[in-house]
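Please work through each task before reading its solution.

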Amino acid sequence: MSDEATIAAPSPAPPAPTGPPPKVTNRGRAAAPAASANSETSDIPEYEYFIQPGPRGYPPLTEYLDISEVDMMKRPDESNKIAHHTALYHSDYLIVRRGQEFQVKITFSRPYKPAEDKFALEFVIGSSPQFSKGTYVPVFPTKQRQTTWEGRITNTSDNVVTMAITPAANCIVGKYQMYVAVVTPYGIRRTRKESTRDMYILFNPWVAEDAVFLDDETERQECVMTEMGIIYHGSYDDIAERDWNYGQFNYGILDSCLYIMDRAEMPITNRGDPIKIVRVASAMLNSRDDEGVLVGNWSGDYTYGVAPTSWTGSTDILLTYNSSKMPVCYAQCWVYAAVFNTFLRCLGIPSRVVTNYYSAHDNDGNLKTDIIMDENGKIDRNRTRDSIWNYHCWNECYMSRPDLPPGFGGWQVVDATPQETSDGMYRCGPASVQAIKHGQICFPFDAAFVFAEINSDVVFHSRRKDGTLEPVRVNRTHVGRLVLTKSPGDVTRRDITDQYKFAEGSTEERTVLEKAEEYGCKREKSSPPAADVDVVLPNLEISVGDNFELNVEFENKSDERRTVDAYISGSVVYYTGVASTEFLKYTHIKVEIFLYLTDKKEVAIVESKKYMKRLVEQANLHFIVTGKIRETGLIITAMKVVTLRNPKLIIEVSGRGKVSEEMIATVEFTNPFSFNLENVYILIMNNCLYKIFPHKTKNWLVIGGSSLTWTEYFTPQRAGTSRVIATLDCPALRQVQGQASVTINP
């Protein structure tokens, strides 16, 4: 036999796996799976005997105290929901807040005898209830036997016992099942499992022992109880408002918020810690790496979903995610912040939406936004990669921070917009606002990233012919120019910039920046000489479709003649600062200014036909003027974002304005342009109405110069002041809005 014949043939390769990989279980690693779904429950036995069965089985327990009825006192007009500030939740279940007493009424088969009868209320959450984990909590009516939750009898009348229960101020937040258990000499008899005795326990900002305690009633009413909000957008010198219906009390929203934590497989035992909850939710509100709630889209193509500018409330987004189990399309930063705000307020965590104007997106650990110019002062767009968002929205939530030194609790930044990864996932926060202000960027979580968003320098570099860069101008005040949120109890805006940073140029600011450098943030050290010519761009209020003049003013601050070679350019940009297309090519102008403190104006004509077909949503035009002074060689720069104003929707609401009586909302829109608007749809929302008209498959055509009127009927469900909000959307015109206030009487 030849040598070749003795060589064994290679074994066949195993077949390639098909389909998704099998889910890894904890078999062999843990005695039981970790409870990570509030929706999963356990079956508690109705009878639990202490003894072994005799020849005739277990002895009957019917001769002992029995439970006839349990009243959860869960109606909105009863004491529990009123005292716990949960009467507005559209739910048939009892909803209370932790650390605060609530009551239930138990009807027994005979009068309760404290000396003879023993009973307890048992509260269970999750699929593996354990006393040591806080997922099984018995509550006893006697002082001699108490657990982490306190219990006491407040009243007895015939067969009815009223028992008060105080959940621990740090207990797990979520949906519990309640049982009444009676102890007999032979065993325990319980009530059967019934959904009518399910209840929710939320965070409690009204109780000092709770981690989310907020000692300001006005702020609590705004940041927990207010359903209608205002989100600021636009630009620093042309602030715009967007109405939003958070709808945290609407039917199904609480379950949707709990589902988000279930979808993240967040351990039930972690759900009493607001720090852990907001960090998980920050990742789950976007879909980048975990099939979370919202799909981000900044492209302008929203064929397969709803344009971000069309959303006016959180309700439909959360309910759709809960029912479909699929991410909802589409979102940008304010949508992420608004839905996150609903999540936080629904669970009882005080929160607000914050807008930072001129927000830097730093992904390389420095505090610089670099703009590259050629030697003549002309912007090199091919080499300029950094961008500054006209505005960026995030959330603040209020909580203590026992993981940080004293003084760094209070407002915390959390951001669900997927920008950079944190611990391997797209999320941000919670980062202490106090830590950001004082440069303590080493504190968890993601304080360095937020610090850069409001403290970066804009550095203009001149690129030499050999490819080297020389800093020629540094603007240290452009980024983080203004931080706004809604004023509590009012519809005005509140400037909270001083909560994030000290005054520009102050000693405190220099100290903070030096401290940030100690923790690894790199700043621009150079200080190029200041030019003695200023260039100023005016504030403009321009409507979409208008022609306008851009006046560029040059002011000579020297006592000598100055000659400037300047370049003016204009681009259509997304609100993220990313350029879409250039509509005003670099225009060279030569400016001569002869006298000290004199100025000279140059005018650039901007025609609508040059920008209209290039507009993207939010209609931002970005103008940059750069120049070089011949006599000194110094560079001058100026930037201006002009947000074009869209036409408005006119909304009229008619009817008696009473609960359960039909009302009418009429929406009117006039196309101000000479061209037609195609694929138009209108979205209308208030607390009891959410509809898109017409269906996406039957979009409208609005002829140029014509009007569209739509009427919708709705029935108010509760009294109070609210707003009807409507948006109009089509590919050629985004972010058309209108709103009308409505007061509903009982």
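On a 1 Å grid over the protein atoms alone, a cavity is a set of points where a 1.4 Å probe fits but cannot get out, and lining residues have an atom within 4 Å of a point. The model is predicted: local features need pLDDT of at least 70, side-chain atom pairs count only at pLDDT 80 or more, and totals for chains, interfaces and linings use all residues. Residues are numbered from 1 along each chain as its sequence is written, and side-chain values use heavy atoms, with hydrogens and water left out.

**Exercise 1. The second largest cavity**

Task: State the volume of the second largest cavity and describe its lining.

Solution. 
Step 1. The second largest cavity holds about 50 Å³ of space (a volume is the space filled by probe spheres set on the points, which are joined across faces, edges and corners).
Step 2. Its lining consists of Ile-436, Lys-437, Phe-451, Asn-455, Tyr-500, Lys-501, Phe-502, Glu-509, Val-512 and Leu-513.
Step 3. At least two lining residues come from each of α7 (433–437), α8 (447–455) and α9 (507–518). Helices (H or I, at least four residues) and strands (E, at least two) are DSSP runs, numbered from the N terminus. The largest share, three residues, belongs to α9.
Step 4. By class, six lining residues are nonpolar, one is polar and three are charged (Ala, Val, Leu, Ile, Met, Phe, Trp, Tyr, Cys and Pro count as nonpolar, Asp, Glu, Lys and Arg as charged, and the others, Gly among them, as polar).

**Exercise 2. The largest cavity**

Task: Determine which residues lie closest to the centre of the largest cavity, and which elements supply its lining.

Solution. 
Step 1. There are two cavities of 30 Å³ or more, and the largest contains about 90 Å³ of space.
Step 2. Thirteen residues line the largest cavity, and Glu-222, Arg-345, Arg-352, Thr-485 and Lys-486 are the closest to its centre.
Step 3. Helix α2 (217–225) and strands β12 (228–235), β16 (351–360) and β25 (482–486) each give at least two residues to this lining. With three residues, α2 has the largest share.
Step 4. The lining comprises five nonpolar, two polar and six charged residues.

**Exercise 3. Helices α4 and α6**

Task: Classify the packing of α4 against α6.

Solution. 
Step 1. Helix α4 (residues 274–284) and helix α6 (residues 333–347) pack at about 155°, their axes 11 Å apart. Axes are lines fitted to C-alpha atoms, for helices over the stretch in contact, and angles run from 0 to 180 degrees between N-to-C directions.
Step 2. Angles under 35 degrees count as roughly parallel, over 145 as roughly antiparallel, 65 to 115 as roughly perpendicular and the rest as oblique. Therefore α4 is roughly antiparallel to α6.
Step 3. Contact means heavy atoms within 4.5 Å. Ile-277, Val-278, Ala-281 and Ser-282 of α4 meet Phe-340, Phe-343, Leu-344 and Leu-347 of α6. The residues in this contact are seven nonpolar, one polar and no charged.

**Exercise 4. Helices α3 and α5**

Task: Classify the packing of α3 against α5.

Solution. 
Step 1. The axes of helix α3 (residues 253–263) and helix α5 (residues 315–324) come within 9 Å and cross at roughly 55°.
Step 2. Therefore α3 is oblique to α5.
Step 3. From α3, the contact uses Ile-253, Asp-255, Ser-256, Tyr-259, Ile-260 and Arg-263, and from α5, Thr-315, Leu-318, Leu-319, Tyr-321 and Asn-322.
Step 4. Six nonpolar, three polar and two charged residues form the contact of α3 with α5.

Technical notes:
1 Å grid on protein atoms, 1.4 Å probe; cavity = no way out; pocket = protein on both sides within 12 Å on 5 of 7 lines; lining within 4 Å.
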